Amino acid sequence: MCLLFSLLLYMPISEVDMKLQKLYYSMGEVSEMFDVNASLIRFWEKEFSIIKPKKNKKGNRLFTQKDIKNFQIIYQLVKVEGYTLEGAKQQLKKGYKPQNEPNKGSVVSMLEEIKKELLLIQEAL
(Lines give C-alpha, C1' and ligand atoms only; values in the text may rest on other atoms or scores of the structure.)
Protein backbone atom coordinates (compact mmCIF):
# COMPACT_ATOMS: atom_id res chain seq x y z
CA MET A 1 0.00 0.00 0.00
CA CYS A 2 1.24 3.50 -0.82
CA LEU A 3 2.81 5.08 2.26
CA LEU A 4 1.02 8.41 1.66
CA PHE A 5 -2.36 6.74 1.53
CA SER A 6 -1.54 4.62 4.56
CA LEU A 7 -1.09 7.80 6.51
CA LEU A 8 -4.10 9.53 4.92
CA LEU A 9 -6.38 6.59 5.72
CA TYR A 10 -5.92 7.02 9.45
CA MET A 11 -6.12 10.82 9.54
CA PRO A 12 -9.28 12.74 10.18
CA ILE A 13 -10.66 14.23 6.96
CA SER A 14 -9.80 17.77 8.12
CA GLU A 15 -6.11 16.82 8.38
CA VAL A 16 -6.15 15.22 4.94
CA ASP A 17 -6.83 18.69 3.50
CA MET A 18 -3.41 19.80 4.70
CA LYS A 19 -1.62 16.82 3.08
CA LEU A 20 -3.19 17.21 -0.38
CA GLN A 21 -1.22 19.88 -2.19
CA LYS A 22 -2.47 19.96 -5.78
CA LEU A 23 -5.75 21.18 -7.24
CA TYR A 24 -6.13 18.18 -9.56
CA TYR A 25 -4.84 14.62 -9.52
CA SER A 26 -4.59 12.26 -12.49
CA MET A 27 -6.07 8.77 -12.59
CA GLY A 28 -2.60 7.30 -12.09
CA GLU A 29 -1.91 9.41 -9.02
CA VAL A 30 -5.24 8.49 -7.43
CA SER A 31 -4.82 4.78 -8.16
CA GLU A 32 -1.32 4.92 -6.64
CA MET A 33 -2.59 6.76 -3.54
CA PHE A 34 -5.15 4.06 -2.87
CA ASP A 35 -3.05 1.17 -4.21
CA VAL A 36 -5.87 0.04 -6.51
CA ASN A 37 -6.26 -0.42 -10.25
CA ALA A 38 -7.52 2.46 -12.36
CA SER A 39 -10.43 0.24 -13.38
CA LEU A 40 -11.66 0.17 -9.77
CA ILE A 41 -11.58 3.96 -9.65
CA ARG A 42 -13.57 4.16 -12.90
CA PHE A 43 -16.02 1.59 -11.51
CA TRP A 44 -16.52 3.49 -8.25
CA GLU A 45 -16.97 6.68 -10.26
CA LYS A 46 -19.91 5.03 -12.03
CA GLU A 47 -21.35 3.51 -8.85
CA PHE A 48 -21.06 6.50 -6.51
CA SER A 49 -22.56 9.80 -7.59
CA ILE A 50 -20.41 11.80 -5.14
CA ILE A 51 -17.34 11.24 -7.32
CA LYS A 52 -17.43 13.70 -10.20
CA PRO A 53 -14.01 14.20 -11.77
CA LYS A 54 -13.50 16.91 -14.34
CA LYS A 55 -12.23 15.87 -17.76
CA ASN A 56 -9.69 17.69 -19.89
CA LYS A 57 -9.88 18.07 -23.68
CA LYS A 58 -8.39 14.61 -24.15
CA GLY A 59 -10.99 13.08 -21.86
CA ASN A 60 -8.54 12.33 -19.04
CA ARG A 61 -10.10 12.44 -15.60
CA LEU A 62 -8.89 15.11 -13.19
CA PHE A 63 -9.79 14.44 -9.57
CA THR A 64 -10.16 17.25 -7.05
CA GLN A 65 -9.27 17.14 -3.37
CA LYS A 66 -12.97 16.66 -2.64
CA ASP A 67 -12.98 13.59 -4.92
CA ILE A 68 -9.94 12.22 -3.07
CA LYS A 69 -11.71 12.66 0.29
CA ASN A 70 -14.80 10.93 -1.10
CA PHE A 71 -12.62 8.07 -2.37
CA GLN A 72 -11.11 7.83 1.09
CA ILE A 73 -14.57 7.46 2.62
CA ILE A 74 -15.65 4.88 0.03
CA TYR A 75 -12.38 2.98 0.46
CA GLN A 76 -12.89 2.99 4.24
CA LEU A 77 -16.43 1.65 3.90
CA VAL A 78 -15.80 -0.98 1.21
CA LYS A 79 -12.23 -2.17 1.70
CA VAL A 80 -11.62 -1.59 5.42
CA GLU A 81 -15.04 -1.99 7.04
CA GLY A 82 -16.26 -4.59 4.55
CA TYR A 83 -19.49 -2.99 3.35
CA THR A 84 -21.01 -4.07 0.05
CA LEU A 85 -21.40 -1.34 -2.55
CA GLU A 86 -25.09 -1.06 -1.71
CA GLY A 87 -24.29 -0.93 2.00
CA ALA A 88 -21.71 1.80 1.39
CA LYS A 89 -24.24 3.79 -0.65
CA GLN A 90 -26.74 3.52 2.20
CA GLN A 91 -24.14 4.67 4.71
CA LEU A 92 -23.31 7.67 2.53
CA LYS A 93 -27.02 8.55 2.23
CA LYS A 94 -27.30 8.40 6.03
CA GLY A 95 -24.47 10.92 6.25
CA TYR A 96 -21.61 8.58 7.16
CA LYS A 97 -18.81 10.41 8.92
CA PRO A 98 -15.44 8.69 9.27
CA GLN A 99 -14.36 8.13 12.84
CA ASN A 100 -11.80 10.62 14.08
CA GLU A 101 -10.38 7.97 16.37
CA PRO A 102 -9.00 5.04 14.39
CA ASN A 103 -9.12 1.54 15.80
CA LYS A 104 -5.99 1.18 17.96
CA GLY A 105 -5.30 -2.36 16.74
CA SER A 106 -5.51 -1.34 13.09
CA VAL A 107 -3.10 1.55 13.66
CA VAL A 108 -0.60 -0.76 15.34
CA SER A 109 -0.83 -3.30 12.51
CA MET A 110 -0.44 -0.52 9.93
CA LEU A 111 2.64 0.80 11.71
CA GLU A 112 4.10 -2.71 11.82
CA GLU A 113 3.48 -3.01 8.08
CA ILE A 114 5.21 0.32 7.45
CA LYS A 115 8.12 -0.77 9.65
CA LYS A 116 8.51 -3.95 7.56
CA GLU A 117 8.53 -1.90 4.35
CA LEU A 118 11.12 0.49 5.76
CA LEU A 119 13.34 -2.40 6.88
CA LEU A 120 13.15 -3.90 3.39
CA ILE A 121 14.17 -0.54 1.91
CA GLN A 122 17.01 -0.25 4.40
CA GLU A 123 18.27 -3.73 3.46
CA ALA A 124 18.15 -2.82 -0.23
CA LEU A 125 20.43 0.19 0.36
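Tutor: Let's begin with helix 3 (27–34), where Met-27, Val-30, Ser-31, Met-33 and Phe-34 are buried, meaning under 20% relative accessible area, while exposed is over 50% and partly exposed lies in between (1.4 Å probe, protein chains only). These residues cover an arc of only 155° around the axis, which puts them on the same side of helix 3; the arc is taken from the directions from the helix axis to the C-beta atoms. An α-helix has 3.6 residues a turn, so residues three or four places apart point the same way.

Before going on, a word on the source: this is a predicted model, in which local features need pLDDT of at least 70 and side-chain atom pairs count only at pLDDT 80 or more, while totals for chains, interfaces and linings use all residues. Residues are numbered from 1 along each chain as its sequence is written, and side-chain values use heavy atoms, with hydrogens and water left out. Helices (H or I, at least four residues) and strands (E, at least two) are DSSP runs, numbered from the N terminus.

Asp-35 has a positive phi of about 55°, although it is not a glycine. Most residues other than glycine have a negative phi. Asp-35 is partly exposed, with a relative accessible area of 48%.

Where they meet, Met-27, Val-30 and Ser-31 of helix 3 touch Ala-38, Ile-41 and Arg-42 of helix 4, contact being heavy atoms within 4.5 Å.

Helix 4 has its own buried residues: Leu-40, Ile-41, Trp-44 and Glu-45. They fall within an arc of 140° seen down the axis, so they line one face of helix 4. Their packing partners are helix 3, strand 3 (61–63), helix 5 and helix 6 (85–93).

Finally, look again at Val-30: leaving out residues up to four places away in sequence, Val-30 touches Tyr-25, Ile-41, Phe-63, Ile-68 and Phe-71.
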